[in-house]
Amino acid sequence: MSSMLHLYQRFVTYLAVLGAVTALGIGTSWAKHYLFPLVGAQGTTAVRVGFSALLLLLLWRPWRWQLSRTDLRAVMLYGAMLGATNLTFYMSLRTLPFGLAVAIEFSGPLLMAVLSSRRAIDFVWVALAVVGLGVLLPLGGMNGSTLDPTGVAYALAAATFWALYIVFGKRVGHLHAGHSVSLGLVAAAVVVVPVGVVHAGTALLSPYVLLVGVGVAAVSSAIPISLEMMALKRLPKEAFGIMISMEPAVAALLALVLLGEVLSFNQWLAIGLIMSASMGTAMTAKRQVQGKAAAQEAVVA
């Protein structure tokens, strides 16, 4: 009976990760379809991040916890990188298909994971990611890519900011997740809301924009973050990383259904290569952790 319960809990946890990835994809697709034409990528980012910050402030009430000056500075940097990631990613969506923008953005955390490892197998994952990006990126027209260079540049900027977000996120890892995420989103809003206001002006105050913005914020931020936090409590970090690696494919499928964005065979191949690199990195990290644990047990014995 206990083994059946364990399997059921693990299944529900995997569904939670899939639900988080799907909700994020749906929310972003809605944002691109309904908000981009009205307030642009900058205004959309402001509405999404601003309302996400408000929703999570109400949900977690971070003022209940004490925060040192050092931790506050770390949270502000973490949040600033989160805001910059959102802004540059949404800017890339103006000219790039959703699934491809996500795949390019994945190169940031993938590079961080590989740089933190010393295993030879990780060069295989680097090679897969490089080949995948090589298929996508408009490298002087040599690979036949038709992607907009400006959109690609914004997606690569988002990848860079995502990598920095991970670096600064580790500095607040000792805080409660609800505490750091809610305050981080406030800092992100401070970064992106002024940009959205300058670009879209009073259009941001349209009742329609505000209503859709709340829905986008709930579906693409509040729900995924809550589901991911639940999953992280029950899943090993490496298994969670493997599951999250589905995001480019899920984004591409949702964009096909909701936005009519059709990808070529080469573009699907590139997504597959980058996903494989991400999954491989997560699996390698798992074996590395297990190897360290076994070595420590041997020393103790």
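At what angle do the axes of helix α2 and α3 cross, and within what distance do they come? The axes of helix α2 (residues 69–92) and α3 cross at roughly 140° and come within 10 Å. Helices here are DSSP runs of H or I with at least four residues, numbered from the N terminus. Axes are lines fitted to C-alpha atoms over the stretch in contact, and angles run from 0 to 180 degrees between N-to-C directions.

This is a predicted model: local features need pLDDT of at least 70, side-chain atom pairs count only at pLDDT 80 or more, and totals for chains, interfaces and linings use all residues. Residues are numbered from 1 along each chain as its sequence is written, and side-chain values use heavy atoms, leaving out hydrogens and water.

The angle makes α2 oblique to α3. Under 35 degrees counts as roughly parallel, over 145 as roughly antiparallel, 65 to 115 as roughly perpendicular, and the rest as oblique. Helix α3 (residues 98–105) also packs against helix α6 (residues 149–171). This pair is oblique too.

| Pair | Angle | Axis distance |
|---|---|---|
| α2 and α3 | roughly 140° | within 10 Å |
| α3 and α6 | about 45° | 8 Å |

The crossing of α2 and α3 is right-handed. In a right-handed crossing, the near helix is turned clockwise from the far one by less than a right angle; anticlockwise is left-handed. Thr-85, Phe-89 and Ser-92 of α2 meet Phe-98, Ala-101, Val-102 and Glu-105 of α3. Contact means heavy atoms within 4.5 Å. By class, four of these residues are nonpolar, two polar and one charged. Ala, Val, Leu, Ile, Met, Phe, Trp, Tyr, Cys and Pro count as nonpolar, Asp, Glu, Lys and Arg as charged, and the others, Gly among them, as polar.

The crossing of α3 and α6 is right-handed as well. Here α3 gives Ala-101, Ile-104 and Glu-105, while the α6 side includes Val-152, Leu-156 and Trp-162. Eight residues of this contact are nonpolar, none polar and one charged.

**The cores**

The largest nonpolar core has 71 residues. Such a core is a set of buried Ala, Val, Leu, Ile, Met, Phe, Trp, Tyr and Cys residues joined through side-chain atoms within 4.5 Å. Phe-89, Ile-104, Leu-136 and Leu-185 have the most contacts inside it. Helix α1 (residues 2–60) supplies the largest share, 12 residues.

Leu-256 sits in helix α10 (residues 247–258). Its relative accessible area is 37%, so Leu-256 is partly exposed. Buried means under 20%, exposed over 50%, partly exposed in between (1.4 Å probe, protein chains only).

Methods. Helix = DSSP H or I, 4+ residues; strand = E, 2+ residues; numbered from the N terminus.
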